[in-house]
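Q: Hi! Could you walk me through this protein, one piece at a time?

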Amino acid sequence: MKLLILSGAVQNLDHGITFMYMKRRLTVFVSLVSCILLTRCHSSMEIARSPSPAVKTEIRPTNVILMIGDGMGLTQITAGMYSNGNHLELERFKSIGFQKSHASNKLVTDSAASATAFACGKKTYNGAVGVGTDSLPIKTLLESAKEHGWATGLVASSSIVHATPACFIAHNKSRKNYEEIAEAFPGSGIDYFVGGGLKFFQNRTKDDRDLCQELRNEGYVIEDYFHQDLNNIKPDPTKPYGFLTANEDPLPVESGRDYLLPATFTGLQHLTARSSKGFFYMVEGSQIDWGGHANNSSYIISELLEFDQIIGKVLDYTETHPSTLVIVTGDHETGGYSILESSSMNNLNTAFTTIGHTADLIPVFAFGPGAEAFQGIYENTAIYDKIMSLMGW
Ligand code: MG
Ligand code: MG
Ligand code: ZN
């Protein structure tokens with residue numbers, strides 16, 4: 001028995017990721033024989049260095065990147081793939097599951113209830129930002145990460161106070177309270193954020209606060225689209241950093257928005273430099289949803305393909321940082337989007353059943369240590385539960 005485990009583990013040492021998966025399966029066996037292994041294999045096998053409870057820690061990711069395609073259902077993914085020569089970066093994932101997106105009060109969720117499910121692990125009502133059905137705050141993944149000494153980051157192609165990113169940093173009874181949501185940034189300790197919504201930080205309607213100045217007073221470097229080109233930014237890793245990409249919502253890709261890729265990549269470098277223990281990073285492809293609401297297939301596909309390209313870059317990052325867990329999912333489907341029989345490769349004819357959201361099951365793609373925990377069918381809140389349990393938090 002002992003020899004079998006040793007040879008299995010050593011064989012897989014050449015394949016870091018496979019080894020991680022193998023280790024999970026091996027945990028049971030390892031705990032049975034760990035006493036024997038402990039006495040004999042201290043220097044030769046990492047897996048045997050600790051008693052069984054600590055063996056589990058070896059599959060703990062040290063970085064978690066959660067990528068949310070807003071309104072990204074299976075048809076959005078399929079349309080992107082068949083409009084892109086039958087290829088997506090998403091095909092690099094091997095651990096795939098489905099989540100049930102329904103909200104506490106409606107079968108069809110909005111972005112706030114679903115992002116609160118990911119960020120806080122609780123079903124809540126549509127419109128709720130980081131609060132439960134009683135409108136009381138629930139600690140978010142980002143806040144837990146901060147408490148554990150991790151660096152944290154948020155990047156979106158919407159306003160940074162829009163529902164999806166908001167649910168990771170703010171607590172508000174309504175997603176529409178943008179100025180109140182912006183007030184969550186000072187004092188949050190977030191290390192990196194990029195998105196639109198400058199007007200909710202400066203020249204506000206509800207008060208005279210200048211949240212950019214308040215952040216600078218906390219040691220942040222805060223820049224914006226009006227003064228800087230995001231393609232040229234070089235954040236100082238000794239300081240937390242924020243960039244506001246638009247006064248309200250940023251443009252669609254089709255109208256020239258091109259920052260999501262460089263912003264995501266710069267954030268990876270910044271968070272890597274700023275994290276002594278690890279980082280939690282949420283990246284949102286916000287406007288796939290807006291293409292769905294507009295019943296505009298080329299809007300959906302251009303946003304989806306941009307997001308997919310970023311997914312590819314994030315997966316490339318894990319090649320040099322293999323302790324990074326990457327999870328990609330959508331918050332719900334938008335448009336009741338379908339691909340019609342008259343379609344051909346790279347030439348789709350599509351239709352919509354609604355200008356709103358639908359209740360479809362949403363795919364979840366996971367890569368890296370702990371990825372296989374994301375196989376199966378589960379509630380959207382389980383994404384939070386799985387991350388917290390992998391971290392031992
Ligand atoms: Mg949404
Ligand atoms: Mg969103
Ligand atoms: Zn929507």
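**A walk through the model**

A: Happy to, and let's begin with Asn295, which sits in the loop between helix 11 (288–293) and helix 12. Helices (H or I, at least four residues) and strands (E, at least two) are DSSP runs, numbered from the N terminus. This is a predicted model, where local features need pLDDT of at least 70, side-chain atom pairs count only at pLDDT 80 or more, and totals for chains, interfaces and linings use all residues. Residues are numbered from 1 along each chain as its sequence is written, while chains are lettered from A and ligands numbered from 1 in the order in which they are written.

Q: What is the phi of Asn295 near?

A: Its phi is near 50°, a positive value in a residue other than glycine. Most residues other than glycine have a negative phi.

Q: Where is Asn346, and what about its phi?

A: Asn346 is in the loop between strand 10 (338–339) and strand 11 (350–351). Asn346 is not a glycine, yet it has a positive phi of about 65°. It has 10 C-beta neighbours inside 10 Å, so Asn346 counts as exposed.

Q: Switching topic: how do helix 10 and helix 12 cross?

A: The axes of helix 10 (residues 260–274) and helix 12 (residues 297–320) cross at roughly 20° and come within 9 Å. Helix 10 is therefore roughly parallel to helix 12. Axes are lines fitted to C-alpha atoms, for helices over the stretch in contact, and angles run from 0 to 180 degrees between N-to-C directions. Angles under 35 degrees count as roughly parallel, over 145 as roughly antiparallel, 65 to 115 as roughly perpendicular and the rest as oblique.

Q: Which residues meet there?

A: From helix 10, Leu260, Leu261, Thr264, Phe265 and Leu268 meet Glu306, Gln309, Ile310, Lys313, Val314 and Tyr317 in helix 12. Two residues are in contact if their C-beta atoms, placed from the backbone, lie within 7 Å.

Q: What does Lys313 touch?

A: Leaving out residues up to four places away in sequence, Lys313 touches Leu261, Thr264 and Phe265. Lys313 and Thr264 are 49 residues apart in sequence, with their C-alpha atoms 9.0 Å apart in space. Lys313 counts as partly exposed because it has 14 C-beta neighbours inside 10 Å.

Q: How do helix 5 and helix 13 pack?

A: Helix 5 (residues 111–120) packs with helix 13 (residues 381–391) at an angle of about 15°, and their axes are 6 Å apart. That angle is why helix 5 and helix 13 are roughly parallel to each other. Ala117, Phe118, Ala119 and Cys120 in helix 5 meet Thr381, Ile383 and Tyr384 in helix 13.

Q: Zooming out, how many helices and strands are there?

A: The protein chain has 13 helices and 14 strands. Buried residues make up 49% of its 393 residues.

Q: Last one: where does pLDDT stay under 50?

A: Over residues 1–57. pLDDT is the predictor's confidence in each residue, from 0 to 100. Where pLDDT is low, the predicted coordinates should not be read in detail. The mean pLDDT of the protein chain is 89, and 85% of its residues reach 70 or more.

Definitions and conventions
Buried ≥ 20, exposed ≤ 12 C-beta atoms within 10 Å, placed from the backbone.
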